[in-house]
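Subject: Structure handover

Hello,

Here is the structure we spoke about handing over. Please look through it alongside the notes below.

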Amino acid sequence: MKLLTLEAKLVCRHITGVVQFSSHLQDLVRIAGQPVLVEFDPLGKPISGCANIGMTIKPCQLIVKVDRGLSDFIRIQNLRVCLDTLIGLTDGTPPGSVQYEVQHPGQSFVEAER
């Protein structure tokens, strides 16, 4: 499992929606010059380009929950780091069922073991 950096590419399950990372919570640890993402970094981040659009259908526009993919062992400033197994929910319809996932971790150097 690779650690996620600010360059990570996360997408909604509709594949066209891409999470926009513009900020991060920690600056102590970097990989290839990019900050490593920690547990609250994905929350509230906007999603752009989701093609799940229709009369009563809301496209994915925001990450609302992290379900799994946080390290139980590696922490930065007491915050768990995000791993490439990160999965959670978006605000798309139907509510509570549309997930996002990691398409690329943003780096290919550093791995974590369970």
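The notes below cover the cysteines, a glycine, an asparagine and the nonpolar cores.

Please keep in mind that this is a predicted model.

Cysteines. Across the whole structure, the search turned up zero disulfides. For Cys-12, the closest cysteine sulfur belongs to Cys-50 and lies 3.8 Å away, which is too far for a bond, because a disulfide needs the two sulfur atoms within 2.5 Å. Cys-60 is in no disulfide either; its nearest cysteine sulfur is also that of Cys-50, at 3.9 Å. Cys-12 counts as buried, with a relative accessibility of 0%, and Cys-60 is buried with a relative accessible area of 2%.

Gly-17. This residue sits in the loop that runs between β1 (9–12) and β2 (18–19). Its relative accessible area is 0%, so Gly-17 is buried. Leaving out residues up to four places away in sequence, Gly-17 touches Leu-10, Val-11 and Cys-12, and also Ile-47, Ser-48, Gly-49 and Cys-50. Gly-17 and Leu-62 are separated by 45 residues in sequence, and their C-alpha atoms are 9.8 Å apart.

Asn-52. The loop between β5 (47–48) and β6 (63–76) holds Asn-52. Is this residue buried or exposed? Asn-52 has 16% relative accessibility and therefore counts as buried, since the cut-off for buried is under 20%. The side chain of Asn-52 makes a polar contact of 3.3 Å with the side chain of His-14, and it reaches the backbone oxygen of Thr-93 at 3.3 Å. Apart from neighbours within four places in sequence, the residues in contact with Asn-52 are His-14, Ile-57, Lys-58, Pro-59 and Thr-93.

Nonpolar cores. The largest nonpolar core contains 19 residues, and Leu-4, Leu-10 and Leu-86 have the most contacts inside it. At least two residues of this core come from each of β1, β6, β7 (79–90) and β8 (99–104). β6 gives the largest share, three residues.

Leu-10 is worth looking at on screen. Not counting residues up to four places away in sequence, Leu-10 touches Leu-4 and Leu-86, as well as Gly-17, Val-18, Val-19, Phe-21, Ile-63, Tyr-100, Glu-101, Val-102 and Gln-103.

Regards

Key:
Residues are numbered from 1 along each chain as its sequence is written. This is a predicted model: local features need pLDDT of at least 70, side-chain atom pairs count only at pLDDT 80 or more; totals for chains, interfaces and linings use all residues. Side-chain values use heavy atoms; hydrogens and water are left out. Helices (H or I, at least four residues) and strands (E, at least two) are DSSP runs, numbered from the N terminus. Buried means under 20% relative accessible area, exposed over 50%, partly exposed in between (1.4 Å probe, protein chains only). A polar contact is a pair of N or O atoms within 3.5 Å; within protein, one must be able to donate a hydrogen and the other to accept it, and residues adjacent in sequence count only if both atoms are side-chain atoms. Contact means heavy atoms within 4.5 Å. A nonpolar core is a set of buried Ala, Val, Leu, Ile, Met, Phe, Trp, Tyr and Cys residues joined through side-chain atoms within 4.5 Å.
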